[in-house]
Amino acid sequence: RYDNWKFVQVEVRSAKDLLALQQIGESMACRPGPGAQIYLIPPDGMGALDALGIPHQIVSENVQDVLDAEDAARAAARAERGGDFFADYHPPTEIDAYMTTLTALRPDLVTPITLSPNTWQGRTIRGVKIAAPPVVGEPARPVIIVNAGQHAREWISVSSAMWAMDQLIRNFDTDSEIHDLVSKVTWIIIPSMNRDGYQYTFDTNRLWRKNRRNNGGGTFGVDNNRNWGYQWGGASTSTSGSSDIYRGPSAFSEPENQALRDFILATPNVKGVIDLHSYAQLILGVWAYSEAVVPPRETELRIVGQEIEDALTSPFGTNYQYGLGTDNLLYEASGVLPDWTFFANGAVSWTWELRDMGTFGFELPAAQIVPTGQEVFNGLKTLARAILMKLRVNVINPPTVVNTGSSIPLNVQVTEVNGNTMLAGSAKLFWRIGNSGPFNEIALSGTFPNFTASLPGTIPCGSNVQYYAQAAASDGTLVNIPADAPASTLAVGVRDFSTVLNDTLESGGTGWSAGMAGDTATTGAWTLVNPNGTTAAPEDDHTPGSGTMCFVTGQGPVGGALGAADVDNGFTTLRTPRFDLSGASSATISYWRWFSNAAGDDSFKVDISNNDGSTWSSVEIVGPAGAGTTGGWIQHSFDAGAILPLTANMRMRFIAADSGVQEVVEAGIDDFVVTAVAPCPVTPACPGDANGDHAVGLADIALVIQTWGQSVTPGAGADLDGNGSIGLGDIAAIIQNWAGACP
Ligand code: 0X9
Ligand code: ZN
């Protein structure tokens, strides 16, 4: 029991602090360090902690209360949804029983796995292999290993592995993506590696981390995740049997590590390894042992890491963050599983620290088992797709519209992944005008990994161009972007557009009105200046290069106090010059804005008018809280025609306010650009011109005769009368328009 033990958040400032703390309590790790760390402090340890003078704050007065609350929550969850395996956490025997159930459900997909040797206390480490029956002649399937429960108290890692297993098996028939991934990837899931420690957290000590080796001298346990054989014994490991990061007497001294090592070494084609832990919501890549050593395949690992981060975040907006060792998200750790698998067989290997960020820590309420499992499973699917790729082909900053008459530059980047290489000379681009017909093919120029192509400047106004890029892996596999091209493609529109207004505000702000009649602010009226910054207001304008000027809400003195000239007691309005968008079919307006409203209750309002300011429509309301409310230049661009009809009398206005409770409110505007898209000129129809040479004469008669009697799409080719076949009516149409010419 942990009666009157405390969780204390301490500010670790130095190695000296760390050593002193180790004497008093036990690190709960899992928190980004250095800095704030949670320590478990015994009832008689607080005096010593106070005496050290290390800044600290008690998070839980009585750890036993936290554990009792967890028990109560589990009991409640079982009472409510007792029949549901995922209502609660389960000890090893129940995990095994559930795997047996799943195997019986789909013996065609599931093969039980037993590792050897057994744990110190004689438990067999079990898991499952999930794979659709092999297909004759298929290429070797990549293997993904999902390991969990190296750390006994990290229960959510075990339940998440079980959730993923459950999903892959139960939804194979009904979910086409799962069907695909179970057919193309072999999944190995080992949900509870450190079974002795895990059982011990149910029976004896909820906060146990290590395995249950008897170290002698009254201490127990090796940290399995310091016992792997790459960089064993390096940074952040201990030689002391009483330490929570005791590395063991030698690399692979522990039967649990030996068992999983031997299984991995005997399994060909392992391409991905995920080691589940908790907590901190981090996706930690290689190398764990060093913050300084850049791993091989860094580009590829960063792409995959970002995709995994997005996948874990997207189901519920849970804030996960990925980083490689050099990003220094957590302390260094030597002898961890993913370092060994990346080193030993090049598998893309990650530690995932699951929920939460410390609110509940290891005692994550059972109600979070399912959502955490869903996040993890989403991440695993993303990893599987990444591992199936031979190459990554990307178009960098693809344009969405270009001006008529200018060629269209496209930049294609190829990344070699999963040990494949690109076939030299295989990078190509395919394009066509419209959404049907054959694609034109152009070879991309440049050298790996950056290639370019240019679509011709002769593509007529109004065209929508479809295109995709392609490269081949050395085994001949073609990889497209978009992946399912040509079924889907990228697209770029060719239009006539012109810059109506491009004001960097460097030459006086002609036509702008700063501070309007009716404004109520008593200070901080809009003004065009080279700003004197504060922590809330900009010091520099936005204009790149030599620009200095922008509109801000009040100019304070150089080095002036925060709030010296901010908006107070009302609002102030900035209005743009009038601009003419009559005749435009659409228009893009962009500006750079600054808004700072320290924890305040005010918003920054942006409006547009098409009647010279008689009435206004909202473009955006920034704040009062959230993105863009703590200063910094941010660009906003929008489609004006989507908000109101475009006229000759367009204006915009920007309103900053400090109403109600008074706070520091500062705003700025710079680099205002209006771009209009004109309707494409209509090519006049040319009646009687069968061959499209813009003249009517003998050559048109010749074409009719050549194609005489053919059935065609009405109006196509020489079908001038539009009756769907070539004949006399078409000759008549030519004679009627004889010698006519058209532009
Ligand atoms: O220390 C560990 O073994 C892992 N954290 S935990 O809190 N679950 O114990 C982290 C291992 C990987 N570490 C890094 N990549 N830095
Ligand atoms: Zn862990």
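This is a short tour of one predicted model, stop by stop, for you to follow in your viewer.

Residues are numbered from 1 along each chain as its sequence is written, while chains are lettered from A and ligands numbered from 1 in the order in which they are written. Because the model is predicted, local features need pLDDT of at least 70 and side-chain atom pairs count only at pLDDT 80 or more, whereas totals for chains, interfaces and linings use all residues; side-chain values use heavy atoms, with hydrogens and water left out.

**Stop 1: the zinc ion**

Select ligand 2, a zinc ion, together with His151, Glu154 and His277. The ion is coordinated by ND1 of His151, OE atoms of Glu154 and ND1 of His277, at 2.0 to 2.3 Å. Donors here are N, O and S atoms within 2.8 Å of the metal (3.2 Å for Na, K and Ca); water is not among the atoms, so sites may look incomplete. Along the chain, the donors follow the spacing H-x2-E-x122-H. His151 lies in the loop between strand E7 (143-148) and helix H5 (155-170), and His277 in strand E11 (residues 270-278), so the pair ties together parts that are 126 residues apart in sequence. Helices (H or I, at least four residues) and strands (E, at least two) are DSSP runs, numbered from the N terminus.

**Stop 2: the largest nonpolar core**

Next, show Ile130, Met165, Trp187, Ile189, Leu276, Trp350 and Trp352, which touch the most other members of the 83-residue largest nonpolar core. Such a core is a set of buried Ala, Val, Leu, Ile, Met, Phe, Trp, Tyr and Cys residues joined through side-chain atoms within 4.5 Å. Helix H5 gives the most to this core, with ten residues.

**Stop 3: two crossing helices**

Select helix H4 (residues 92-105) and helix H7 (residues 195-203): their axes come within 9 Å and cross at roughly 115°. Axes are lines fitted to C-alpha atoms, for helices over the stretch in contact, and angles run from 0 to 180 degrees between N-to-C directions. Pro92, Ile95, Asp96 and Met99 of H4 meet Arg195, Tyr198 and Gln199 of H7.

**Stop 4: an open sheet**

Now find the four strands in the order E15-E17-E21-E20, with antiparallel pairing. Two strands pair if DSSP finds at least two bridges between them. Strand E15 (391-396) and strand E20 (445-447) are the edges, each pairing on one side only. Six bridges join E15 to strand E17 (residues 408-416), and Arg392 stands opposite Thr415 in E17.

**Stop 5**

Move to strand E33 (residues 651-658), where seven of the eight residues are buried. Six bridges join E33 to strand E28 (residues 570-575), running antiparallel, and Thr573 has Ile655 as its bridge partner. Five bridges join E33 to strand E30 (residues 604-609), also antiparallel, with Phe654 as the partner of Val606.

Finish at Val665, found in strand E34 (residues 665-678). Why is Val665 called buried? Val665 is buried because its relative accessible area is 0%. Val665 touches residues including Phe595, Ser596 and Ala657. The C-alpha atoms of Val665 and Ser596 are separated by 5.6 Å, though these residues are 69 apart along the chain.

Note on methods:
Buried < 20%, exposed > 50% of the residue type's maximum accessible area, 1.4 Å probe, protein only. Contact = heavy atoms within 4.5 Å. Lists of a residue's contacts leave out its neighbours within four places in sequence.
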